[in-house]
Amino acid sequence: MADLTRTSRTVWTRVVVLIAGLAACVALSSTVGTHPACACTCAPGTAEQIADRAGAIIVGTPISVREDATGSRSVVRVSRSYKRRMPQIITIVSASPAGACGITLTKGQTQTIVLGWPGGGVTTKAGEWGASLCDNMTADTSALIAHAGPAFSPIKTSGTRPAGDPGSSSSSRSYIGIGVAAGVGLLLAGGTALVLMRRPG
């Protein structure tokens with residue numbers, strides 16, 4: 001009878017812990033504005049440790065969020081960043097929230113996002129950044145920012161290439177002009193040489 005009572009208590013303890021964990025997960029979701037992976041297990045870390053290992057920390061607003069079976073890709077407009085200066089528009093990749101430690105950002109909601117590992121099963125392409133639940137589960141964003149250092153304004157991006165870029169039209173025109181001038185110079189030099197050669201001794 002004592003063994004049965006002990007087993008019953010163990011089962012109820014596990015149920016209570018599970019319910020508490022799910023409640024904490026839901027509370028975290030409403031606090032940080034993401035949909036976290038409640039089945040994911042993250043090593044605990046302080047705000048200072050998270051800031052130290054972050055590739056960058058941004059305050060930004062997702063302007064589009066695209067989800068698929070492996071995770072999500074979000075285009076985010078950066079208001080300011082910490083640890084490094086970031087472009088005005090970036091793409092953030094994250095794994096599926098279904099157990100792979102990913103997050104899904106909320107379109108139109110400005111939030112603090114820690115950039116780094118994207119979660120399990122996904123990779124970032126050139127120019128993309130990752131974000132995971134493990135780095136974004138703290139509600140104390142003020143401590144993150146305080147430890148990350150000064151804020152940087154975003155690098156403004158545009159569809160036009162800067163002057164002097166090899167792909168720009170002005171630069172291409174310059175190269176064409178140089179080529180034409182060089183060709184004319186070679187023709188003049190060749191013509192002069194022929195005239196000199198044909199002159200009698």
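Trainee: What makes I57, I58, V59, A151 and F152 contacts of R80?

Mentor: Contact means that heavy atoms lie within 4.5 Å. Once neighbours within four places in sequence are set aside, R80 meets this condition with I57, I58, V59, A151 and F152. This is a predicted model, in which local features need pLDDT of at least 70 and side-chain atom pairs count only at pLDDT 80 or more, while totals for chains, interfaces and linings use all residues. Residues are numbered from 1 along each chain as its sequence is written, and side-chain values use heavy atoms, with hydrogens and water left out.

Trainee: Where does R80 lie, and why is it called partly exposed?

Mentor: R80 belongs to strand β2, residues 71-82. Helices (H or I, at least four residues) and strands (E, at least two) are DSSP runs, numbered from the N terminus. Buried means under 20% relative accessible area, exposed means over 50%, and partly exposed is in between (1.4 Å probe, protein chains only). R80 has a relative accessibility of 36% and therefore counts as partly exposed.

Trainee: What makes the pair of R80 and Y82 a polar contact?

Mentor: A polar contact is a pair of N or O atoms within 3.5 Å; within protein, one must be able to donate a hydrogen and the other to accept it, and residues adjacent in sequence count only if both atoms are side-chain atoms. The side chains of R80 and Y82 make such a contact at 3.0 Å. Another polar atom, in the side chain of N136, lies 2.8 Å from the backbone nitrogen of V114.

Trainee: Is N136 buried or exposed?

Mentor: N136 has 7% relative accessibility and therefore counts as buried. N136 is found in the loop between β5 (128-130) and α3 (141-148).

Trainee: How many disulfides are there, and how do you know that C40 and C101 form one?

Mentor: The whole structure contains two disulfides. A disulfide is a pair of cysteine sulfur atoms within 2.5 Å, and the sulfur atoms of C40 and C101 are 1.8 Å apart. This link is right-handed, with 85° about the S-S bond. C40 lies in the loop between α1 (2-32) and α2, and C101 in the loop between β3 and β4, so the bond ties together parts 61 residues apart in sequence.

Trainee: Why does C101 count as buried?

Mentor: C101 counts as buried because its relative accessibility is 8%. C101 also has a positive phi of about 65° although it is not a glycine.

Trainee: Why is the disulfide of C42 and C134 called left-handed?

Mentor: The torsion about the S-S bond of C42 and C134 is about -75°, so this disulfide is left-handed. The sulfur atoms of C42 and C134 are 2.0 Å apart. C42 is in the loop between α1 and α2, and C134 is in the loop between β5 and α3, 92 residues apart. Both C42 and C134 are buried.

Trainee: Which residues touch the most other members of the largest nonpolar core, and what makes it a core?

Mentor: A nonpolar core is a set of buried Ala, Val, Leu, Ile, Met, Phe, Trp, Tyr and Cys residues joined through side-chain atoms within 4.5 Å. The largest one has 17 residues, of which I58, I90, I92, I113 and L115 touch the most other members. The elements giving two or more residues to this core are β1 (56-67), β2, β3 (89-95) and β4 (111-115). A second, separate core of 12 residues includes A47, V59, A143 and L144.

Trainee: Which residues of α3 are buried, and what do they pack against?

Mentor: In α3, the residues A143, L144, I145 and A148 are buried. The buried residues of α3 pack against α2 (47-53), β1, β2 and β4. Just after α3, G149 takes a positive phi of about 100°.

Trainee: Why does K83 count as partly exposed?

Mentor: K83 counts as partly exposed because its relative accessibility is 34%. K83 lies in the loop between β2 and β3, and its phi is near 80°, a positive value in a residue other than glycine.

Trainee: How many helices and strands does the protein have?

Mentor: The protein has four helices and six strands, in the order α-α-β-β-β-β-β-α-β-α along the sequence. Of its 201 residues, 32% count as buried.
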